[in-house]
Amino acid sequence: MEVKDYGLSRVSGRVLDGPTNPMVTPLLTDLYQFTMAYAYWKAGKHQERAVFDLYFRKNPFGGEYTIFAGLEECIKFLANFKFTEDEISFVCESLAGSCEDGFCDYLRGLDCSEVELYATPEGSVVFPKVPLLRIEGPVAVVQLLETPLLNLVNYASLVATNAARHRFVAGKSKMLLEFGLRRAQGPDGGIGASKYSYIGGFDATSNVAAGKLFGIPLRGTHSHAFVSSYMSLDEIVEKSLRSSDGSSSCEDFVSLVQTWLNKIQWSNSLRNVFGETNQSELAAFTSYALAFPNNFLALVDTYDVMRSGIPNFCAVALALSDLGYKAVGIRLDSGDLAYLSFEARKFFCTIEKEFGVLGFEKMIITASNDLNEETLDALNKQGHEVDAFGIGTYLVTCFTQAALGCVFKLVEINNQPRIKLSEDVSKVSIPCKKRCYRLYGREGYPLVDIMTGENEPSPKVKQEKICRLSRTLERVASINLS
C-alpha cells in the first residue's frame, strides 16, 4: 500500500493581482468578526497564535465526494489584505461607543504577513472533516478571515462538485459546455460558475468575461431570435464567399445553397423525409455561414427540426464543403433530444452516402434545454447520438443543494488544542494541528483518507494503523498497510 501526504501544503509566494471580484475586501465579513477582533485587542489577546481549520461536514448532492475549489481567490485575498482609511473609519463608526482610537491604529497596520496558509491542492477530491485549509496566525486577524474565506470556498467547491458529477454521468467522451450566465445568481455567480465548472470537468463556456479572465475556451452559436429575424433570402445582400484556401470565390453563395437544397429534396433517399423547408430559416443559416464559414453551427429547432432545420443546415453545410469549409454541426434546444439526435444522425449518414461527402455523418450534435444530471442519465439509458451538452440553470445555481456548508473552527491556540463540543455529534470539531494522508492499495486506487496530529509519526507501508472514523467519532477501523 502506498501512502501520500496529499493535503495541507504550505502556500507561499507573492500574488500581485487582487481577487477577481473587487468587492472581496477586508469588509466582506460579518460584524461579529470585528467585535471579536476588538475584544481580542482590548484584552491583549490579539497577537496570540491561533490555528483554524476550514472543512465541511457532509458531501453535497447526497454524493460521496467533493471537489475543492476557491484556493486561488483565497490566496489573492490574503496577499492583498489591507484596510483603507475609509474602511477603518467605517469599522470604527460601526463599533461606535465601544471602539478606542488605538484599535483603529491597530487596523491601520494590519495585514496577513504573519499568517500562514496550508491548503489541499485546488481541484482535489476531498471528503468531510478533512481540512481544506489550515490558517495559522495572530488570532484577531485570522478571525477576520473566517467569513471571506468561507465565502470564497463554499460556492466554488459546490459548483465544481456539481460540474464533476455532470461529467461523471455524461462520460469522458462527451463535450460539456457551461451555458449558465443568464440564469446565475448575479455577475459574481456567473463568473464563478464558469471558472469552477471548468475546474470540475467542463470543456468550455459561453461566458466571454470568464474566457478573458481565466483563459477558458469559448463556445456558442446563434439564438432563435437570429433565425426568426430573417424573412427571406432576399435580405442577404453580400452573397460572395471565398474558398477556404483563398484560391477562388463563389459570387453567389445563396444560389449554391439553394442548389444543394434542391438536390437534397430530390434525392432518392430523402425525398420523403421532408417537404418545403422554412425559407426564412434558410436565410438565417446562410447569412450566419457567410459570417462564420469556419465555425458554422446552427440552432435547428426554431420551426421544425426534421422537416426544416436539418435539411436547411445540410444544404448550407454542403455548400460550404464545396468551398473547402467543414461545418461544425447543429444544436437541439427542445423536443425529444434522444429521438431527434438519432434522426439527425441518420440524416447526416444518408447525406454522406448519397453525395460522397466524407465525414458528414460525424457532424457534432449539441443538446441544451434545461439539462441536469437526471436528464443526462435518462438519455444514456435510452441511448442517443448527442456529442455535446450545453448545461446552464441546474449547473450554475446548484439547484438540488443551496450551499456546501463549510465551517471554520479554532483547533489550537498558544500550542494548546481546542475542541468544540455539541450534543450533535456531527458538529464536534477535531482538535489540534493535523496532517492528512491518502492511502492507496496495490492496484493504485485510493482506499481511505486519514488524519494524524502534526507531530505524530506518518503511516508506513506494511504497518497496521488504527483509525477513528471522523464521520461518527464513534467507530474504530483497523487498516493494514500491506
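Modeller: The second largest pocket has a volume of about 600 Å³. A pocket here is an open set of points on a 1 Å grid over the protein atoms alone, where a 1.4 Å probe fits and protein lies on both sides within 12 Å along at least five of seven lines; its volume is the space filled by probe spheres set on the points. The model is predicted, so local features need pLDDT of at least 70 and side-chain atom pairs pLDDT of 80 or more, while totals for chains, interfaces and linings use all residues. Residues are numbered from 1 along each chain as its sequence is written, and side-chain values use heavy atoms, without hydrogens or water.

The lining of this second largest pocket (residues with an atom within 4 Å of a point) is made of 22 residues. Nearest to the pocket centre are Phe179, Arg182, Arg331, Asp333 and Ser368. By type, the lining holds 12 polar, 6 charged and 4 nonpolar residues. Asp, Glu, Lys and Arg count as charged; Ala, Val, Leu, Ile, Met, Phe, Trp, Tyr, Cys and Pro as nonpolar; the others, Gly among them, as polar.

Next come the cysteines. The model has 1 disulfide, meaning a pair of cysteine sulfur atoms within 2.5 Å. Cys92 and Cys104 form this bond, with 2.0 Å from S to S. Cys92 belongs to helix H3 (residues 85-94) and Cys104 to helix H4 (residues 101-108), so the pair, 12 residues apart, links distant parts of the chain. Helices are DSSP runs of H or I with at least four residues, strands are runs of E with at least two, and both are numbered from the N terminus. Cys92 counts as buried at 14% relative accessibility, and Cys104 is buried at 12%. Buried means under 20% relative accessible area, exposed over 50%, and partly exposed in between (1.4 Å probe, protein chains only).

Cys250 is also buried, with a relative accessible area of 14%. The closest cysteine sulfur to that of Cys250 is in Cys314, 18 Å away, so the two are too far apart for a bond. Cys349 is in no disulfide either, and the nearest cysteine sulfur, again in Cys314, is 11 Å away. With a relative accessible area of 30%, Cys349 is partly exposed.

Thr350 sits in helix H12 (residues 337-355) and is partly exposed at 23% relative accessible area. Beyond its neighbours within four places in sequence, Thr350 is in contact (heavy atoms within 4.5 Å) with Ser269 and Leu270. Between Thr350 and Leu270 there are 7.9 Å from C-alpha to C-alpha, although they are 80 residues apart in sequence.

Lys129 is not a glycine, yet has a positive phi of about 75 degrees. Lys129 lies in the loop between strand S6 (125-126) and strand S7 (133-138), and is buried, at 5% relative accessibility. Asn414, also not a glycine, has a positive phi of about 50 degrees. The loop that holds Asn414 runs between strand S16 (406-413) and strand S17 (416-417), and Asn414 is partly exposed at 39%. In the loop between strand S5 (116-119) and S6 is Thr120, which is buried at 0% relative accessibility.
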